[in-house]
Amino acid sequence: MNASPLHLFGQQLLQFANIDATKKDKAFANRFIEHLDTIENLFDEIYSGHPQRNDAFDALLNALIYQYKSRPKNFLKKDEDKAKKGNWFLSNEITGMSLYVDRFAGDINGLKNKLDYFNELGVNFLHLMPVFESPAGESDGGYAVSDFRKVDARFGTNEDLNALIKEMNASNMYLMLDIVLNHTSHHHEWAKKAKAGDPYYQDFFYFFENRDLPNQFDQTMPEIFPESSPGSFTYIPECNKWVMTVFHNYQWDLNYRNPNVFVAMLDNVLHYGNLGVDILRIDAPAFIWKQLGTSCQNLPEAHTLLRLIKQCALVTSPGMALLGEAIVAPKEIIKYFGTDKYVANECDVAYNATQMALQWDALATGDTRVMLAAQHEILQKPYGCTWISYTRCHDDIGLGYDDYMIERAGFNPYHHRTYLKNYFAGWHEGSVAAGALFSVNPKTNDARISGTLASLCGLEKAKDWNSESEIENALRKIILMQAQSMFMGGIPMLFNGDELAYTNDYSYLEDAGKSYDNRWMHRPIMHWDKNENRNIAGSFESRIFKETKKLIATRKALPILSDLKNVIWMTPHNIHVAGFVRTLDNKKIYCLFNYKNTASFITWYAFKEHGERPSKLKNHWTGETCPVGNDNEYFVLSGYSFAILEAVD
Ligand code: GLC
C-alpha cells in the first residue's frame with residue numbers, strides 16, 4: 001500500500017531531524033507515524049479554516065520530534081517500563097500528597113531533604129503546587145504563570161528542580177506538576193507584548209475594543225471569583241482594550257482559536273514531560289474554549305484539544321499520564337475521560353470531586369443517601385482511567401453535584417445546600433466545623449467552602465472547648481473521611497498537613513497578596529518542630545499520622561484495591577452507612593463507613609447479596625476476624641468508624 005501524502009511528509013520530517021527510524025528511534029518513529037492521522041484530524045476539527053493552519057501544523061509536528069530528541073535517556077527507559085506495566089496509575093501502590101513547596105519545606109532543596117518523611121508515611125507520589133515563575137502578590141498560588149519554563153526564584157532554580165526529580169526517581173517516587181493551560185499571568189512576555197500593542201500577541205488572548213462583546217459574554221458566563229474578581233473581563237489602560245480574565249484580573253485567558261497558542265502550549269506540555277513528570281495536571285481544562293452565548297465551560301472543542309494533547313503526549317512522552325482538573329458537574333467530569341471513539345483516550349485521570357463533596361455532605365448530615373444517589377454517574381468512569389481520590393486539596397469544596405441527587409434522597413436542594421454551607425461555616429447551631437464560605441455570590445446564592453480537613457471535622461473548635469468527646473469525634477471523622485477516599489478506587493491524594501491534623505492557618509490574613517482569598521486558611525505552613533509531635537504517643541499528630549500511615553499501608557498490601565472498575569455499591573441497609581464491595585477474581589472486600597456519631601447496625605444479610613455469603617470476615621483495619629452471623633443479627637460499626645472486611649472461608 002502506498003503511503004499517504006501525510007505519512008510521506010511525516011517521514012521526511014523524521015529524516016530531516018535525523019531520527020533513526022530503523023534502530024535507535026524506531027519506537028518513537030512508529031508512534032509518530034501511527035498517530036499522525038488522528039493528530040491531523042483532531043487538529044483540523046479546530047483549525048482547518050485558519051489562515052495559519054499549515055504553518056502551525058508543521059510547527060506541531062516539529063515540536064513532537066524535537067521534544068523527543070531532547071527527552072533524557074533515563075525517561076525513555078522509564079517510558080518503556082511503564083508501557084510494560086500497562087496502565088501503571090491504576091495501582092493500589094501509589095499514594096500521593098499535594099503540597100506547596102515553600103509552605104512545606106521553604107524551597108525545593110528543603111523539599112529534597114524531606115523525602116524521608118514521605119517514605120516514613122508511605123507517600124510515593126508528589127504533586128508540587130505550581131513552581132514556575134509567577135509574580136508575588138498576584139500569583140493565585142502560582143496559577144498565574146509568567147514563565148512556563150523558569151522555576152520561580154522563591155523556590156530555587158531549574159537545576160534544583162532537576163536535582164529533586166533525580167532524587168525522587170532514585171527513590172521510585174512519582175511526580176505531578178501543573179500545566180496552567182487556560183491563562184497566563186499578565187506579566188508573561190506574551191501579555192506584555194500584547195499590552196504594548198503587538199497584534200500578533202494580542203491574538204494570543206481575547207482582546208476587545210469596547211464592552212459590547214464582553215457584556216454579551218457576561219450574560220452567560222458564570223463568575224469564578226465573584227467577590228475578589230467579579231466579571232470575566234479586565235480593562236487594560238496601556239492599550240485601551242478589554243481582555244478576558246475568567247479567574248483573577250491578573251490571569252489572562254489564552255485564545256485557543258489561534259493555532260499558534262495551541263502549539264506553543266503543547267510545546268510546554270512536552271517540555272514538562274521531559275522534566276520527568278509522571279502525571280501532568282492540566283489545570284482548569286473545562287475553560288479552554290470560549291463561545292458567545294454559552295457558559296464557556298466544558299465545550300466540545302475543549303475536549304477536542306485535550307484529545308489532541310493526549311495523542312501528542314502518546315507520541316513524544318508516552319509514560320506521562322494526563323490529569324484533567326475538571327471540577328464540574330458529575331456528568332461533565334466523566335466526559336474528560338473521553339467519549340465515543342475516544343473513550344479512555346482523553347485524560348487518564350480526573351479528580352473525583354463529586355465523591356469528595358458527597359463525603360462532606362454525609363459528614364454534615366450523618367446520612368449517605370445523597371452519596372448513593374450520585375454513584376450511577378461516578379461509576380461511568382471507563383476502565384483504564386482513574387480518579388484522584390481525596391478529601392481535601394488546595395481548593396475550596398464546591399457542592400457541585402446535581403439537585404436531582406439531593407431530591408432523590410428526599411431533601412429540598414435549596415434547604416439542603418443552605419444547611420451544608422451553614423454547617424461548615426460553623427454558623428448552624430451545634431455545628432463543630434470551623435470553615436468559611438468562599439466565593440459567595442449573592443446573585444446566584446452560590447458559595448463554596450474553605451477549611452482544613454481537621455477544622456471542618458471539628459478539631460479546631462473541640463480543642464478550644466477542651467472537649468474530650470468532641471476531640472475524639474473529630475479524630476475519628478478525619479480518619480473516616482480519609483479511609484473512604486483511600487478505599488474507593490483511584491489514587492489517594494493527601495493534602496499537606498492533613499496527615500498531622502493541621503487546623504486552619506490564619507496567617508494569610510496578614511499577607512496582602514493572600515488575604516482576599518480564604519482558600520489560604522487550608523494551605524498551612526508546616527512547622528517541623530511541631531511535626532515532631534508525631535513521635536509523641538497520645539498527641540493528635542501521632543494518632544492521625546499513624547492511622548494515615550496505616551491506611552496507606554493497608555491499601556498497598558491489597559491489589560484488590562487497584563482501580564480495576566471493581567466497585568459494587570451495596571444496598572443501603574442503613575442510611576448512615578456507605579458501603580461497597582471491591583472484587584478481584586474470587587476475592588471480595590466489603591468496605592463500610594459509618595457517618596453517624598453513634599453505632600450503626602448492618603444486617604448480616606447484606607453480606608450475601610453479592611454471591612455466596614462468606615462464613616468469616618477479616619477486618620484489615622482492626623486485624624480481627626469474625627464469623628458472619630444470621631440474617632436477623634447485625635454487624636455493628638461504632639460512631640464514625642469503618643471496616644474493611646475481606647471474605648475469608
Ligand atoms: C484551578 C486551581 C485553582 C486556581 C484555578 C485558576 O482550579 O486548582 O487553585 O485558582 O485553577 O488557575
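Guide: Let us begin with helix α4, which spans residues 73-85 and has 13 residues. Helices here are DSSP runs of H or I with at least four residues, strands are runs of E with at least two, and both are numbered from the N terminus. From its first C-alpha to its last, α4 reaches 19 Å, close to the 18 Å expected at 1.5 Å a residue; the expected span is 1.5 Å times one less than the number of residues.

A word on the origin of these values is in order. This is a predicted model, in which local features need pLDDT of at least 70 and side-chain atom pairs count only at pLDDT 80 or more, while totals for chains, interfaces and linings use all residues. Residues are numbered from 1 along each chain as its sequence is written, and side-chain values use heavy atoms, with hydrogens and water left out.

Which residues of α4 are buried? They are Phe75, Leu76, Lys78, Asp79 and Lys82. Buried means under 20% relative accessible area, exposed means over 50%, and partly exposed lies in between, for a 1.4 Å probe and protein chains only.

The buried residues of α4 pack against α3 (53-69), α8 (158-170), β5 (174-180) and α12 (259-275), where contact means heavy atoms within 4.5 Å. Just after α4, glycine 86 takes a positive phi of about 80°.

On a 1 Å grid over the protein atoms alone, a pocket is an open set of points with protein on both sides within 12 Å along at least five of seven lines, whereas a cavity is a set of points where a 1.4 Å probe fits but cannot get out; lining residues have an atom within 4 Å of a point. Grid points are joined across faces, edges and corners, and a volume is the space filled by probe spheres set on the points. The elements that give two or more residues to the lining of this pocket are α2 (26-47), α4 and α13 (300-316). The largest share, five residues, comes from α4.

Finally, consider the nonpolar interior. A nonpolar core is a set of buried Ala, Val, Leu, Ile, Met, Phe, Trp, Tyr and Cys residues joined through side-chain atoms within 4.5 Å. The largest one has 212 residues, and Phe118, Leu128, Tyr256 and Phe593 have the most contacts inside it. A second, separate core of 15 residues includes Met570, Val577, Ile602 and Leu617.

The largest cavity has a volume of about 100 Å³, and Thr571, Pro572, His573, Val577 and Gly579 lie nearest its centre among the 13 residues of its lining. Strand β19 (residues 577-584) gives the largest share of that lining, three residues.
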